[in-house]
Amino acid sequence: MTTTDTVTTTPGPVGPASDQDGPGIRQALVQFASRQYLVAVLVVLCVAVGLAKPAFWGTGNLSNVLFQASFVGLAACGMTLLIAGGLLDLSVGGVIAVSSIAVATVLPHTTIGGAIALALLIGAVLGLVNGLLVTYVKIAPFIATLGTLYLFLGLAFIWTSGKVVPITSSNFRATTTGKLGWLPVPFLVFVVLAVLTFLLLQRTYFGRTVRAFGSNERAAVLAGLPVNRAKVVVFVVAGVCFALAGVFMAGRLSSAEGNMATGFEMNVIAAVVVGGTALRGGRGTMFGTVVGSILFAVLANALNLLGVASYWQYVLTGAVLIAAIAVGARRSSAAEVRGAG
């Protein structure tokens, strides 16, 4: 009897465990789908536009979409680092203008590599200005970078006397607008930069410091983390990313001018926030930033193909941004309720 009892009781724990495996897998799939819902939105949008306008799937049009996504995406890599740290930079348009004008000005007198290096150096210096104002002068990021936006734009207009500076180097234009197959070079650079930014944010001491002070700056300071230094560095890195976007934008336009990226910062912030990076800081997702950049490029391209007036892009961008923030706030509240429970 003892043996029989033992045999009949041993299967007892196995049954519930196997029952728990199903819900566990289902829960993991649901969590993954909820985190990556933007991918589903992007796929549905592409299919819908493709059905309405089959020309959408042409390689020339897809290359154009990826071109547009890369300009926003390159700048969005730097913005993701900033927003993950609870910071913000509105001077994107000014940094792009100054760095692009520098490229157009020096290209007749130097190599392509030298011109690009100068643009990145200018981006780093302008980012350093923002970082020092925010970190040591203690000006709120929104106010500080709004002020430097007008400062940088003013410098750009003074430099060019309000004129357009043409880029005469055919080699530079070929380098910045070239393709590997049908994939644009700027998009490939964007993907590489996104991977590097992900590794920087998630796999380094610097990235952990950025996320820590983005989540709770006082706690990060008390923990002995180099918060001030990290703040300055993240603005510098962001400035380099903005300047890199300006380099490729100048190549695409074959020119540079003061207002070439006016309002561009809103597209960049929208791509980052829609991608899932929390505006209040502490969390950043580079995969979401990539998807968000492509999503807005597809939206703009769809409007053009459907013959919708371009100003509706502002309406859609604002609507998608508000919806994304609302969904993010709702999910955060739900997470806090579950945590409290």
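Of the 341 residues in this chain, 43% count as buried, where buried means under 20% relative accessible area, exposed over 50% and partly exposed in between, using a 1.4 Å probe and protein chains only. Keep in mind that this is a predicted model, in which local features need pLDDT of at least 70 and side-chain atom pairs count only at pLDDT 80 or more, while totals for chains, interfaces and linings use all residues. Residues are numbered from 1 along each chain as its sequence is written, and side-chain values use heavy atoms, with hydrogens and water left out.

Among contacts in the chain with a separation of 6 or more, 78% join residues 24 or more positions apart; contact means heavy atoms within 4.5 Å.

Now for the helix pairs. Axes are lines fitted to C-alpha atoms, for helices over the stretch in contact, and angles run from 0 to 180 degrees between N-to-C directions. A crossing is left-handed if the near helix is turned anticlockwise from the far one by less than a right angle, and right-handed if clockwise.

| Helix pair | Axes | Angle |
|---|---|---|
| α4 (residues 59-84) and α9 (residues 185-203) | within 8 Å | roughly 15° |
| α5 (residues 92-106) and α7 | within 7 Å | roughly 25° |
| α6 and α7 | 9 Å apart | about 145° |

Take α4 and α9: these helices are roughly parallel to each other, a label for angles under 35 degrees, with over 145 counting as roughly antiparallel, 65 to 115 as roughly perpendicular and the rest as oblique. Their crossing is left-handed. On the α4 side, the contact residues include Leu-66, Phe-67, Gly-73 and Cys-77, and they meet a set in α9 that includes Phe-187, Phe-190, Leu-193 and Thr-197. The residues of this contact split into 15 nonpolar, 3 polar and no charged. For that count, Ala, Val, Leu, Ile, Met, Phe, Trp, Tyr, Cys and Pro are nonpolar, Asp, Glu, Lys and Arg are charged, and the others, Gly among them, are polar.

Helix α7 shows up in two of the pairs tabulated above. With α5 the crossing is left-handed, and the α5 residues Gly-93, Gly-94 and Val-95 are among those that meet α7, whose side includes Phe-152, Ala-156 and Trp-159. That contact comes to 10 nonpolar, 4 polar and no charged residues.

With α6, α7 makes a right-handed crossing. Leu-126, Val-129, Asn-130, Leu-133 and Val-134 of α6 contact Pro-141, Ala-144, Thr-145, Thr-148 and Phe-152 of α7. The loop between α6 (112-135) and α7 (141-160) holds Ile-139, which is partly exposed at 28% relative accessibility. Beyond its neighbours within four places in sequence, Ile-139 touches Leu-133, Val-134 and Ala-144.

What about the inside? The largest nonpolar core has 92 residues, of which Met-79, Leu-82, Phe-242, Phe-264 and Val-298 touch the most other members. Such a core is a set of buried Ala, Val, Leu, Ile, Met, Phe, Trp, Tyr and Cys residues joined through side-chain atoms within 4.5 Å. Helix α4 gives the most to this core, with 16 residues. Not counting residues up to four places away in sequence, Leu-82 touches Leu-87, Asp-89, Val-234, Phe-235, Ala-238 and Phe-242.

Finally, Ser-255 sits in strand β4 (residues 255-256) and is buried, with a relative accessible area of 16%.

Conventions. Helix = DSSP H or I, 4+ residues; strand = E, 2+ residues; numbered from the N terminus.
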